[in-house]
Amino acid sequence: MGKKKTGKPLIHITTSLGLFYVAIEREGSETELVGPFKSLDDAEIEKINQKKLNKKKYQDAP
């Protein structure tokens, strides 16, 4: 049997109690929250950084 391909994680911004979090949803595991951030701009920057990190992981994987 071949390896099952896992999809790329869904990365989005969510809010709670006036703070912003970057949510990373991976298939088959719990959602990871990064943050909190006081401003939406800071959360957007972290979202971009997380996308870059995850892109590298999937490019390096065999």
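Is Lys 55 buried or exposed? Lys 55 counts as exposed because its relative accessible area is 52%, where exposed means over 50%, buried under 20% and partly exposed in between, with a 1.4 Å probe and protein chains only. The structure is a predicted model, in which local features need pLDDT of at least 70 and side-chain atom pairs count only at pLDDT 80 or more, while totals for chains, interfaces and linings use all residues. Residues are numbered from 1 along each chain as its sequence is written, and side-chain values use heavy atoms, with hydrogens and water left out.

**The chain as a whole**

- The protein chain has 1 helix and 3 strands, and from the N terminus on its elements run β-β-β-α; helices (H or I, at least four residues) and strands (E, at least two) are DSSP runs, numbered from the N terminus.
- The protein chain has 62 residues, of which 23% count as buried.
- The accessible surface of the protein chain comes to about 5,200 Å², and 54% of this surface belongs to carbon and sulfur atoms; such areas come from the Shrake-Rupley method with a 1.4 Å probe, and for residues only the protein chains shown count as cover.

**The sheet**

- The strands form an open sheet of 3 strands in the order β1-β2-β3, with antiparallel pairing, and two strands are said to pair if DSSP finds at least two bridges between them.
- The edge strands of this sheet are β1 and β3 (32-37), each of which pairs on one side only.
- Strand β1 (residues 10-16) pairs with strand β2 (residues 19-25) in the antiparallel sense over 7 bridges, and His 12 has Ala 23 in β2 as its bridge partner.
- The hairpin of β1 and β2 has 2 residues between the strands, and in this hairpin Leu 17 takes a positive phi near 55 degrees.
- Strands β2 and β3 also run antiparallel and are joined by 4 bridges, with Val 22 standing opposite Val 34 in β3.

- Asn 54 counts as buried because its relative accessible area is 6%, whereas Lys 55 is exposed.
- Leaving aside residues up to four places away in sequence, Asn 54 touches Pro 9, Ile 11 and Arg 26, where contact means heavy atoms within 4.5 Å.
- The side chain of Asn 54 makes a polar contact with the side chain of Arg 26 at 3.2 Å; a polar contact is a pair of N or O atoms within 3.5 Å, and within protein one must be able to donate a hydrogen and the other to accept it, while residues adjacent in sequence count only if both atoms are side-chain atoms.
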